[in-house]
Amino acid sequence: MMKKICFLVIFVSLSVFSMVAQAQTDSSISGKLTDKESEEPVPMANIRILRQADSTFVTGKASDEKGLFTIPVRSGAYIVHISYIGYHDIFRDVQVTSSNPRLQLGNIALINDNILLSEAVVTAKAPEITVRGDTLEYNADSYKVTESAVIEDLLKKMPGVEIDSEGKITVNGKEITKILVDGEEFFSDDPKVASKNLPAKMVEKLQVLERRTEMAQMTGFDDGEEENVINLLVRPGMKEGLFGNAFAGYGSKERYEANGMVNYMKNKDQFTFLGGINNTNNAGFSDLAGAMFGDMGGRGGRGRMFGSRDGISTSLNLGGNFSTQLSSKFKIGGNVRYGSTDTDVQSDVFTQNILSAGNTLENENNRSNSRGRNFNTDLRLEWNPNEATTIIFRPNVSFYNNDRNEKGSFHTRNELSGDTINHGNSEYFSEGDGKSYGGNLDISRKLGKEGRVLSAQLRANRGESENKGTSVSGTFYNGIRPDDLIDQRFTNTSDNTSWRMYFSYVEPIGLNNFLQLAYEYGQNMSESDKDTRTQDESGDYTVLDSLYSKRLENDFRNQEIEVNFRAVRENYDYMFGFSMEPSSSRSKTFIGTDLIHDTRQNVVNYAPMAQFNYRWSRTHNLRLRYWGSTDQPSVTQLSPVIDVSDPLNIRYGNPDLKPSFQHRFNLRYQRSNPEKASSLSAFLNGGYMTNDIVTATITDVTTGRKEATYLNVSGNWNADGRVMFNIPLRNIKFSVFSMSFARYNQGYGYSKSITGEDESKEFTDEDKNTNRQVSLAESLGLNYRSDLFDFSLRGNVNFNNVTNSLEGQIDQQYFNYGGSANTAIYLPWDLTLESDINYSTNSGYADGFEQNEWLWNASLQKTLFKQKNGTIRFKIYDILQQRSNITRSVTSNYIRDTTTNTLTSYFMVHFVYRFNIFKGGTTQEDMMPPRDGPGRRFDGGGGPGPEHRMM
């Protein structure tokens with residue numbers, strides 16, 4: 001199979017490259033921008049080309065010194081968006097066709113929108129957040145950051161954006177999976193590379209959107225696999241030259257960090273090189289090796305706490321990214337990156353197990369060191385041999401390595417009596433290597449009639465990994481059960497091969513109506529082998545331990561046949577469809593060479609879908625969506641072979657499991673008012689499960705041992721909603737924002753208590769637990785920006801109520817609340833004083849896990865050199881030495897509190913240097929917004945002088 005995959009990758013690559021020479025540049029949009037009153041040219045205005053279907057960004061550039069622009073594009077329907085500070089935005093719907101490939105817009109007059117008072121002071125304020133179709137657009141200049149700030153620092157100041165301790169970004173509750181730069185992918189599926197490395201000062205606008213897959217863009221039909229992405233719009237003047245920055249810092253406790261980035265942009269070509277090293281928990285990439293092997297921890301595989309990015313980490317990263325338009329018909333982009341991490345984690349975990357016969361309480365103390373190394377590369381090649389054909393090919397290769405050491409101790413006691421029922425300790429070491437490679441090929445062809453499209457897709461991927469190590473642990477019981485002592489050497493291997501082919505045909509019916517017929521066939525073949533050995537008489541580890549060894553094989557094949565209908569009208573569009581999904585699965589379990597279990601399953605699933613979009617205007621829209629989906633049980637969930645890797649947590653599958661089905665619904669409402677610089681967004685999500693696969697647990701309260709298996713239940717459901725608004729006050733130097741959130745979750749599970757191995761382990765209705773969780777949150781903020789200083793204030797409160805139906809359970813209520821304040825004071829002699837303070841506290845947590853934390857950071861920086869392209873900064877982190885790291889997780893079976901070590905107080909001195917070489921001798925200062933914000937002064941008169949350069 002892999003020979004065929006490699007052959008396909010090489011063949012398609014060579015074929016695409018061999019045809020590049022045939023490409024010719026022949027489609028474009030051009031025009032000239034002038035001031036309506038003075039009729040003078042408007043240079044450095046921002047021209048963006050958006051796709052008419054969903055307003056997503058396609059390409060763009062700045063007008064030259066004569067106000068002229070020419071932008072190469074493919075044939076299609078676009079929106080030309082022209083913007084410049086001090087002028088009304090202009091939108092033009094255009095069509096680039098084979099009969100009119102070089103579209104000339106002629107002279108475009110920009111109309112001044114400034115409200116001028118005495119001394120020509122501009123009092124208008126650019127909106128912080130704007131809705132443009134399906135896109136939520138943030139104005140970067142509305143959020144003040146330091147000269148050395150990266151994208152992550154900018155994101156943290158934006159309403160609705162959350163970044164966790166691992167660097168994961170969520171916007172309005174949805175995780176961001178990619179970051180684009182001017183519509184082009186930047187380091188593929190790792191948004192942390194952009195968020196932690198790119199300088200915030202290069203960004204003019206930041207767009208948040210749900211981007212359809214490339215196949216969905218080709219067919220015009222959503223496939224339910226949208227990506228939540230952030231698109232960074234670079235300041236227009238920075239698109240014509242070389243710019244970059246470098247900074248280095250050293251501080252107390254031997255803390256250090258250094259980072260550098262060089263970026264070259266010209267027309268649609270972009271090349272970026274970056275690298276960094278630090279021991280300040282700021283890994284500029286995702287640790288694939290840590291994620292792959294992070295759940296294979298000690299105590300016979302317990303490893304619950306060691307896959308996260310908590311603790312204290314030293315990291316190194318190097319990478320390069322490029323995107324180039326070789327012609328109007330051929331584009332290629334890609335990246336290569338290397339990263340390494342060395343992380344020390346110390347954690348304390350308290351778990352309350354919810355049981356009908358009385359709860360048990362677990363305490364764990366864990367220590368680990370993990371070292372990971374990652375190398376990844378991928379390419380994206382897009383070829384349009386003619387106006388009717390699109391071919392996109394994406395090959396990728398990854399290699400990773402990880403080694404880890406862990407030590408832990410634990411004890412369990414009865415909540416009612418306080419008696420200890422077990423205790424123990426564990427040591428674990430492993431070394432793992434892995435690799436993955438594959439590719440995606442998308443082909444689409446328009447067939448004469450407008451809207452008639454034939455599309456095909458082929459995906460193939462292969463993954464291999466091996467993990468070797470030792471596991472030594474002792475679990476001691478205070479009852480009559482014999483102690484469990486483990487001394488093992490193990491080798492775990494995993495191989496996975498998958499491929500998928502997809503065909504779609506779209507036929508137009510009448511006016512702006514479309515019918516889609518699609519077929520998909522896929523196969524996934526996986527094998528995992530866990531070989532565990534114990535000592536023989538000579539002390540060598542040669543004896544197969546059949547209790548801890550097994551090999552799983554699975555062959556899963558699925559088909560999907562779907563019919564969809566889509567209608568497009570001036571102010572609205574809708575789509576509905578239905579699919580049938582027959583599938584077959586065969587799973588085998590071996591111990592040594594003996595086949596001990598063989599399961600076959602044949603299932604037919606059905607999935608409906610519907611979507612409705614309504615547009616009052618470009619800045620006011622509503623979307624409703626419903627879809628159903630099925631999930632197959634995994635090989636582990638189906639295999640009845642008992643896994644005793646962890647003596648206190650035994651697992652086995654259920655071969656009678658049925659596939660689960662989920663009904664999902666969401667609503668999105670967005671509105672912005674550019675004249676009032678205000679915005680409002682509302683989101684509602686809901687889900688209902690039938691045959692949901694849940695964990696069912698049996699706990700022996702005399703030993704603390706748990707057995708977990710899987711059952712189907714129906715009736716689990718959840719719903720959440722959030723509302724966010726942003727509006728300036730009458731004094732435009734102030735703006736206020738609010739985000740309200742509510743969530744309800746109802747989940748059924750099974751938790752049975754026994755007092756000995758001889759008792760029945762059958763689940764009854766008395767063992768069924770209904771877990772209900774209510775979460776309410778409110779965040780309120782106030783921003784102030786002036787010539788002398790910036791100030792922002794935020795407050796938040798989060799209330800949670802948890803109830804369980806099992807007899808004897810007490811309702812749990814807990815709060816998380818706090819606030820933050822940030823200020824920047826602009827002093828004479830190019831000095832800036834900055835300070836931020838965050839307060840966090842909680843109530844309702846277990847003893848020892850309460851939080852009452854004031855986290856205060858402060859810095860003083862001075863701008864250096866004639867070009868003001870250097871900065872020296874002194875910063876103190878955690879001045880009050882109160883930082884902590886506490887989390888809580890709640891399920892129908894337990895409530896768990898965790899505290900983990902993290903960086904505490906230290907200071908650091910940074911030096912930051914920025915360099916740039918732009919077209920026509922323009923400097924970076926010309927591209928930057930004036931520091932004095934809304935009160936900036938312009939020279940009166942007609943055309944845009946130097947003071948008008950980009951906001």
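Visitor: Which residues are linked in a network of salt bridges?

Guide: Arg74, Lys178, Glu184, Glu185, Arg211, Glu214, Glu227, Lys331, Arg380, Glu382 and Arg394 are. This is a predicted model, in which local features need pLDDT of at least 70 and side-chain atom pairs pLDDT 80 or more, while totals for chains, interfaces and linings use all residues. Residues are numbered from 1 along each chain as its sequence is written, and side-chain values use heavy atoms, without hydrogens and water.

Visitor: Why is the contact of Glu227 and Lys178 called a salt bridge?

Guide: The term requires a side-chain nitrogen of Lys or Arg within 4 Å of a carboxyl oxygen of Asp or Glu. For Glu227 and Lys178 the N to O value is 3.4 Å, so the pair qualifies. The pair links distant parts of the chain, 49 residues apart: Glu227 is in strand β16 (residues 227–234) and Lys178 in strand β13 (residues 178–181). Strands here are DSSP runs (E, at least two residues), numbered from the N terminus.

Visitor: Is Lys178 buried or exposed?

Guide: Buried means under 20% relative accessible area, exposed over 50%, and partly exposed in between (1.4 Å probe, protein chains only). Lys178 has 5%, so Lys178 is buried.

Visitor: What makes Arg615 and Asp573 a salt bridge?

Guide: Their side chains meet at 2.6 Å, N to O. Arg615 lies in strand β31 (residues 594–617) and Asp573 in strand β30 (residues 572–591), so the pair ties together parts 42 residues apart in sequence. Arg615, at 27%, is partly exposed, whereas Asp573, at 13%, counts as buried.

Key. Helices (H or I, at least four residues) and strands (E, at least two) are DSSP runs, numbered from the N terminus.
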